[in-house]
Amino acid sequence: MDDIVQKWDSRYHLSFQERLQLEQMEQDLVQWGMGSLADHVDLSLVDKASSGQRGKLLLEQARRFVDDERKRPTDYSTFQSPRLLNRKPKAVFTAPETFMGRCPCPADGEQTRCCNLKTLDAVEQCSFGCAYCAVQTFYGRNEIRVVGNLKERLETLELDPGTWHIGTGQSSDSLLWGNDFGTLDALKVLARRYPDLVIELKTKSARTDWVSDDWPKNIVATWSLNAPLIVEKEELLTSSLEARLDAARIVADHHVPVGFHLHPMVYFQGWEQAYQEVVGQIMARFRPQEVMMVSMGTLTFTKSVIKALRKGGRPSRILDMELVPFAGKYSYPPETKQRLFQNAYHTFAPEWKEPSDDHPFFYLCFEDPKLWKPVMGYEYASNAEFEEAMRRHYLQTVRRFRQR
C-alpha cells in the first residue's frame with residue numbers, strides 16, 4: 001500500500017474499495033510526475049465529517065481532482081521524460097508453427113470500420129521506448145524473436161482466399177531492423193509470388209538502407225508520425241519527426257509508394273497547432289500522387305495493457321486522459337477524437353483530398369464509424385464496403401507505380 005494511503009487508512013479506517021481506488025490514483029499521479037494526492041485534498045474537511053463518511057469524502061475529493069485532470073489537454077510543460085538507454089536485445093531465431101494473424105480490430109460486428117488486415121509476425125519485440133506501446137508488454141525485454149527460415153516458408157506459403165493486405169508492424173517496428181535478418185528479402189519473395197498482394201511496412205525509424213530502384217511496388221513503406229513534443233516526451237529512442245519524413249522522402253525518390261499514419265494522436269496542450277504543422281510538413285515534402293494512404297487514430301488501450309503500463313511504473317503522462325470504453329478497449333471521448341481528426345484532416349489542402357486513384361486514401365483507424373462523416377464528409381455503410389474501397393485504391397496505386 002502507498003505510504004500516504006496507508007496513513008489515511010490508519011486515520012480514517014478506509015474500506016477495501018476506497019483503499020484500492022486511492023492507491024490507483026496515487027500511483028497514477030506519481031507516474032505522471034504530479035506529486036501526490038496529499039497535495040490535492042483538504043483533510044480538514046474530511047476530519048469534520050462523521051466517521052462513517054470520512055473515507056467517502058476523501059475519495060470524492062481525490063477522484064474529483066484526478067477526473068478534472070484527465071479531462072484537460074495533457075500538460076507536458078513540467079514533465080521530464082525518463083532517460084532510456086539504447087537497448088541491444090539478443091536475436092533468437094525461431095521456427096514457429098504459424099506467423100500469420102489478423103489485425104486486433106473487433107473480430108465480429110461493425111463497431112469500427114475494419115479493413116480485414118492480415119498480419120505477418122516475422123519479428124517479435126521492439127527496442128524503441130514508446131510509452132503507450134503494447135508490444136513490449138508481450139515479449140521478453142532482452143531478446144527479439146526472428147523467424148529464421150522465413151524466406152523458405154514464404155516460397156511455399158499459400159495465402160487464405162481474400163487475403164490482399166498484410167502488415168508486418170503488429171509485433172515489432174517493420175523497419176527498425178532493416179534487412180539485418182533477411183526478413184525484407186523474404187517479403188520480396190512473397191510480394192513477387194502474389195502481385196495483387198499489398199504488404200505494408202510500418203515504422204518510426206529512419207532506416208533507408210534497404211530500399212532500391214527495383215523494390216517491389218506492392219511493398220509499401222509507411223511512417224507513424226506524431227507531434228515533435230509527443231515524440232520527445234513519449235516516443236523515446238525513436239527517430240525524430242524530421243528524420244522520419246526525410247527517410248520517407250528518400251523512399252519516395254526510389255518510386256516506392258509511401259504512406260503516413262497520424263497515430264496515435266494525443267490530446268495535449270498545443271495539439272491544434274502541433275498537428276497542423278505535422279500535416280504542413282507532409283504537404284511541403286510530398287506530392288499527393290506519391291502517397292498511398294493517410295490514416296488517423298488516437299490512443300487506444302485494452303485493460304491488460306493499461307494494467308501493464310501502470311505496473312511498469314515508467315514516468316509518463318500517456319494515461320493522463322479520459323479512459324472511455326469503446327469496442328472492448330479504452331480511448332478518448334468521441335467529442336475529443338472528432339476535434340483531433342477534424343483539425344488534421346481540414347489542414348490538408350483540397351488537392352490532397354480529391355476522390356481519385358492518384359491521391360491518398362484517407363481513413364480512420366479503429367474508430368467509431370459515426371466519426372467518419374463529421375470528420376471527412378463521407379462514410380462507409382459496412383466493413384465490406386470500406387475494405388473494398390481500400391483494396392481498389394491500394395491496388396490501383398500499385399499498378400500506377402509499376403507503370404512509371
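This is a predicted model: local features need pLDDT of at least 70, side-chain atom pairs count only at pLDDT 80 or more; totals for chains, interfaces and linings use all residues.
Residues are numbered from 1 along each chain as its sequence is written, and side-chain values use heavy atoms, with hydrogens and water left out.

A nonpolar core is a set of buried Ala, Val, Leu, Ile, Met, Phe, Trp, Tyr and Cys residues joined through side-chain atoms within 4.5 Å; buried means under 20% relative accessible area, exposed over 50%, and partly exposed in between (1.4 Å probe, protein chains only). The largest such core has 128 residues, and those with the most contacts inside it are Leu-22, Phe-260, Leu-262, Met-296 and Phe-301.

Rings of Phe, Tyr and Trp (its six-membered ring) pair if their centres lie within 6.5 Å; planes under 30 degrees apart count as stacked, over 60 as edge-to-face and the rest as tilted. By this rule, there are 23 aromatic pairs. Phe-348 and Trp-352 form a tilted pair, because their ring centres are 5.7 Å apart and their planes lie at 45°. Phe-348 is buried at 2% relative accessibility, and Trp-352 is buried at 3%. The rings of Tyr-363 and Phe-386, with centres 6.0 Å apart and planes at 45°, are likewise tilted. Both Tyr-363 and Phe-386 are buried, and they belong to one aromatic cluster whose members include Trp-164, Trp-372 and Tyr-394.
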